[in-house]
Structures are given as structure tokens and as C-alpha cells.
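Here is a friendly walk through one protein model, written for someone who likes to check geometry by hand. Please have the viewer open as you read.

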Amino acid sequence: MMLFDLSSLRLLPPSILLTKSCRFAAIVPVLTLWLVMAVSLATSFTALAKETFSLANIQAERRELEMASATDKVDVIQDIDQRIADSHNDQVRRASLYIVKANILQHHGLKAIEDNIAKALLLIDEQTQPELYLYAMVVKSYGMYIYQNQAEQAAIVLEKVQQHPALKNDLYVQVQGLSSLLEVYYKLKDFNKIAKPLFQLARTLTSKEIAPEYQGFFKELDAELAYHSGLIGDTNQAIAGYRKIITDSKPKGQIENIAVANCNIANMYFLPLAEKIQYAKASLAAARNLSCSDAMEKLVLLDEVQQGNLSNIARLSQFHSNQQMPSLNQRSAYYAGLAYLKLNDLAGAQSMANRMTDTENWERYDLLQKIYEKQGNYRDAFTASQRYHQLRAQKDADARALMLSSYQTRLEMAQEDTIAAEQAKQAEQLQAAEQKAEARLQLMLTVIAAGVGITVVLTLYLYRSRQLQRKLQQLSDTDPLTGLLNRRAFLRQAEHLKQLAERQQFPLSVALIDLDFFKQINDQYGHQAGDTVLCAFAKAANSTLRQTDLCGRFGGEEFILLTTQQDTAAFAASLQRLQQCFSELCLQDKQLGYAVSFSAGITTVFEQNAGINQQIEDAIRQADEHLYRAKASGRQQVCTEDLCLQLVSA
Ligand SMILES: Nc1nc2c(ncn2[C@@H]2O[C@H](COP(=O)(O)OP(=O)(O)OP(=O)(O)O)[C@@H](O)[C@H]2O)c(=O)[nH]1
């Protein structure tokens, strides 16, 4: 049976490990392993790519569908349904398609919105797909507002949407939300709040940060911005917005866009009538068959009646009420009524007043006031006049509030911008300071590290050179054969010891030692044996003398000792011990095997009590003289000035 170690198989090519017979069997698990790894890697990459691009894909698809929705809604809805059916495996995409469908069907009743949003919400996880959730909320709240008159609830939802951090990931939803919020605030007459989303919308749409692929898409929303600007009385911004659309549409020959843009300007509440008529004429000049063309013609007709062309009154008054432009219907009835009054046709005027059903419209009361006045009904004329002034004052107050709110908001946003710019500047400065500090710290650390490194290297270098110096000193101070001090080092240290002896008042004596018949040893046993004898002497000296004694090789077979012994007798006794030890070592040596002796001459260098104090050189000369006597008296003796003592060998 063959056993395989799979861990090693993975590291080494199977061919190296296996014989031909079992190679195939081993390749199978290895290949399987590699295959599993490759497949899992590929799937994880695909999953990652899918996760990363899913929002972008959804946004691209939404763009495509909503842009197309402007052309043929029925086809688009069919297309969406098909896509929903095809994407049964992708919940997120399906949810997105349901929301797009709800958005496209916004003007087809609440049920169409609610049904599709409900289906989408079932498929959305708010935590993991916040952008889709926000989109659903925007579409849903718009439906609530237009069909259920739940503007307040819609405002709460839309405000929450605008504050959601994930909104920044979806500029489209952000803009849709702002746009809906504007309408809702307008409906609620929440004038203090209108300006902010409007300016935010304007800022977003003019932002340079909009990615190129979104710019074309958002162009559609320029009309939205212009429309809301008109609603809040920012006629300049509204006209500028519409003019932009007109300028963009002209080279493309999009005459409907041009007509509608002019039409929208003409319909702006805050625009003076004379200007309205001018834009109405421009709209009609571009196209006459649009849903707003009737209203434009009515405006032009109004002008004619105002100019005194009263023959057109009948035509003006004949216009059927147009649901799209209720205000214009009211207005045409008003101007027709005024014209009838000019012609003293009170019945005609009254019929026009009856058509003005909006009891909040100040023009109705202006007309009634004038009719009652002509009838001589001053009581009702007074009441109508009172109501007229009341409503006008209210309208003026609303307009003033709107203007003030717009300026107030502009101011607040400018302040916010200043604060944000200041904070950004501070953050930048802080970052720069942090970077500087970091760089300084880095530099300091580098310097410290370099310092530490240099110190370590220097210390090592100094330590090494100190060691070397010591070694050199030791080499230059020692005799290489015996390891004792050489003559020069001995004399130097002897000088120091003598100075110490003088200071501390201790006695100092010197002995000059010469080995006996050394030449004979050399001659008889060889030079190496002579060296052994010299080393034996050094060894004996080291083991018998005191730590404080100095011993050196003075030259050849001559040694010198400097001792702090009290008297010469004690010194001689030490030399006796030395002789004993020395001769023993020689005797025990296999090469020699016999005792060797030495002769010594000793003398006092310094002795305070005896009044002796001589130079080291003088003392050595004296010791040499005594040594000469020791040699002359038969060797193996130690001699002082007065006597000689025989040394005993082992
Ligand atoms: N092996 C050896 N011999 C040395 C060394 N230095 C000097 N000598 C020898 O020591 C001998 C000294 O001989 P001498 O001065 O005649 O003295 P001696 O033979 O000891 O006779 P006495 O001193 O009169 O007892 C010479 O033969 C030198 O060559 C050394 O380092 N090693």
C-alpha cells in the first residue's frame, strides 16, 4: 500500500515525488484541489464584482427607462414588465424596476404607485440597499401628497430622506426628493422651508461634481428647477432656467420644448401680465397644438380685450374651463367681466363673476365689487371690496413671507458655506500641521536612530581599540617567553611603586636574580630546554611571590624582583621559597628532570626608619654587585651587603 502526504504534494511537482506507477493516482487529488481553489477564487471575484457594480447597474437601468418614459409610456411599461419577469433571480433589480414603474405611473392614480412600491418594499432590505429604499420613499410620498392630500406626512418622509447619509450615493433620488419636497412645502404654504430645498436643488443641478453620464440626465430637471423658482416668485431664476432650455432646444429643432418653456414662463404667478403675454406669443409662435396652447391663446386674447378690442370678449368668455390652467380660466372670466362692464353689459359681467368659483381669488371680489357698484348695491359692493382687500393683503403677505424666507435661507446657506469652508480650511491646516509634526517626529526618530547607531558603533570601536591598546600595551610590556614584565615595563612600574612607598612609608627592596649554569643547560639539553627552565622560573615566581611584588625578566637568564618586605631576612626567606618551588618544577619536568638553582643579590631601595632612599638604578647596580658576590661565593646563594645565605633546592 502507498501512502501520500498531500501537504508535500502541493508544494512539489508530483513527478519529483512519485514513481510512474503511482503518479496518475496522486495527480488526481492535486488537480482536484487546484480546480476547487480556482473555482472558489473565480466565484468570489464574480460575487465581489456583482456586489460592487449592482447599484451602478441599477442606476444605469433606471436612467435608460426613465429617459425613454418621456416618449412612449405604454411601450416602456411593457418593457419594464418584461424586465421584471426576466429578473426573477435578482431581487434587488426587480425591486428597482417596480419603483421605476411606480415613478413612471405617477400620474395614473394612487393604486398604480402603491401597488408597485409595496412589491418593491417586499424585496428591499433597508439596511443593505438604503439607496433603493430612499427612492421608494420618494416616489411613495409624492403619491401620498398628490392623491391623498397628505402633504404633511409626505414632508416628514421626504425630510427624513434628505437627511439620510446614503442619499449622497444617488444624486437622482436626491434631486427627485428635493423636487417633491418643494411641491409639498408649497402646498403647505410652508414658505420658511421652501427656499432651502430650492437652492439645494439649484446648487446640485449646477454642481460641477455631477459626473458626465449624469449631466444629460439631469438636464431634464432644469425645467423642474425653473418651475419651482417660478412658484416661489424667483422669476429671474425661473426665466433663466427656461431660457437655458430654449437655447438648448433651438439647435436641435425641438420646437415643443421651446413652446412649453415659453408657456411655463407665461404661466408664472408672479410675472406681470404684460410680460406673460409676451411669452405667450412666443410660445404660440413656436407651436400651437400643445396642451398649453389654448391657455396661451387665452392670454393673448386677454391682452387684446385689455387693449380695448372688446369684440373678442365673446371669444374669451367662450373658452371652456381648462383643468390644466384653472387660474387662467378664472383670470379670463375676470377680464371678460371687466370688458362687459366697460360695455355696460351687467348681465354679461355677472355671468363671468359666476364663473369665478374660487372664493379665495381676490379678482372675483374686484369684479363683484365693480358690478355691485354699477348696480348701486353699495352694501354688497362694500362687503366685496372688504374681501378683495383682505385677500390681496393676504396674497401680498404670502409673497412677502416667501421673499423674506428666500433671502433668509440664502443668508443661512451662505453662512453654512462659510462655516464649512472655514472648517475645511482648519481641517486642511490641521492635516498639514499633523503631517509636519509627523515628518519632524520621523526626522527626530531617524536622527535618534542614527545617533544610537553611531554611538553603538563608536562605543564598539572605542572598546575594540581600547582592547587592542591594552593588548598592545601588554605585549609591549611583557616578555613573550615567560609572560613576566620586560625590563622597560618593570623599570616604569618600579618607579611608580617607589613613589607610592615614599608617600605611604612602606619599605621597598630589590633582588637581582641570575640562573646558575644556564649556558650548560642550553648546551646540554638544547635551547628549548633552556626556555622551559626560564618559564619554570616565571611560574615559580608567580606562585610564590606576593601580589604587590613586581617581577620582571631583566635580560637573558636574569630576573629582577621588587618587594615590599619589611627586612632583608624576610626577603631572603621568600627567595628560598622561590628556589624551592623553581627547583621542584625543573625536577618534575620530563624534559629536564633535575633541579636548577639561581643566585641573587638583594638591597634595600627605600626604608624610612633606616633613612635609606636610593634611586632604582642605583639599587639595581648595588644588587648586581651582591649577585656577583653570590656567584663568586659558589652560586645558589642570596647575598646582601653584609652576608650571603645558601639557598636549598628541592
Ligand atoms: N635557552 C635560552 N637561552 C638563553 C636565553 N637568553 C640567554 N640565553 C643563554 O643564557 C646563557 C647565559 O650564559 P652565561 O652568561 O655564561 O651564564 P651561565 O651559564 O648561567 O653561568 P653563570 O651565570 O655564571 O652561572 C647564554 O648561553 C645565552 O645564550 C633565552 O631566552 N633562552
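Asn344 is exposed, because 9 other C-beta atoms lie within 10 Å. This residue is found in the loop between helix H17 (326-342) and helix H18 (346-355). Although Asn344 is not a glycine, its phi is positive, at about 60 degrees. Please keep in mind that this is a predicted model.

Phe517 also deserves a look: its phi is positive, about 50 degrees, and Phe517 is not a glycine. You will find Phe517 in the loop between E1 and H22. With 14 other C-beta atoms within 10 Å, Phe517 is partly exposed.

Asp549 is in the loop between H23 and strand E2 (550-555). Asp549 counts as partly exposed because it has 19 C-beta neighbours inside 10 Å, and a residue needs 20 or more to be buried. Leaving aside residues up to four places away in sequence, Asp549 touches Leu561, Leu562 and Thr563. Its C-alpha atom is separated by 8.8 Å from that of Gln565, which is 16 residues apart along the chain.

| Residue | C-beta atoms within 10 Å | Class |
|---|---|---|
| Asn344 | 9 | exposed |
| Phe517 | 14 | partly exposed |
| Asp549 | 19 | partly exposed |

Now to the ligand. The ligand is surrounded by 17 residues, and the closest are Phe518, Lys519, His527, Gly530 and Gly556. Strand E1 (508-515), helix H22 (518-525) and helix H23 (527-544) each contribute at least two residues to this shell. By type, the shell divides into 7 charged, 5 polar and 5 nonpolar residues.

Next, a helix pair. Helix H6 (residues 110-123) packs with helix H7 (residues 130-148) at an angle of about 155 degrees, and their axes are 10 Å apart. H6 is therefore roughly antiparallel to H7, since angles over 145 degrees count that way. The crossing of H6 past H7 is left-handed. On the H6 side, the contact is made by Leu110, Ile113, Glu114, Ile117, Ala120 and Leu121, and on the H7 side by Ala136, Val139, Lys140, Gly143, Tyr147 and Gln148. These contact residues divide into 8 nonpolar, 2 polar and 2 charged.

Finally, the whole protein. Its secondary structure comes to 25 helices and 7 strands. Of its 650 residues, 33% count as buried. Among contacts with a separation of 6 or more, 58% are between residues 24 or more positions apart.

Notes: Residues are numbered from 1 along each chain as its sequence is written. This is a predicted model: local features need pLDDT of at least 70, side-chain atom pairs count only at pLDDT 80 or more; totals for chains, interfaces and linings use all residues. Axes are lines fitted to C-alpha atoms, for helices over the stretch in contact, and angles run from 0 to 180 degrees between N-to-C directions. Helices (H or I, at least four residues) and strands (E, at least two) are DSSP runs, numbered from the N terminus. Angles under 35 degrees count as roughly parallel, over 145 as roughly antiparallel, 65 to 115 as roughly perpendicular and the rest as oblique. A crossing is left-handed if the near helix is turned anticlockwise from the far one by less than a right angle, and right-handed if clockwise. Two residues are in contact if their C-beta atoms, placed from the backbone, lie within 7 Å. Ala, Val, Leu, Ile, Met, Phe, Trp, Tyr, Cys and Pro count as nonpolar, Asp, Glu, Lys and Arg as charged, and the others, Gly among them, as polar. A residue is near a molecule or strand if its C-beta atom, placed from the backbone, lies within 6 Å of it. A residue is buried if 20 or more other C-beta atoms lie within 10 Å of its own, exposed if 12 or fewer, and partly exposed in between; C-beta atoms are placed from the backbone.
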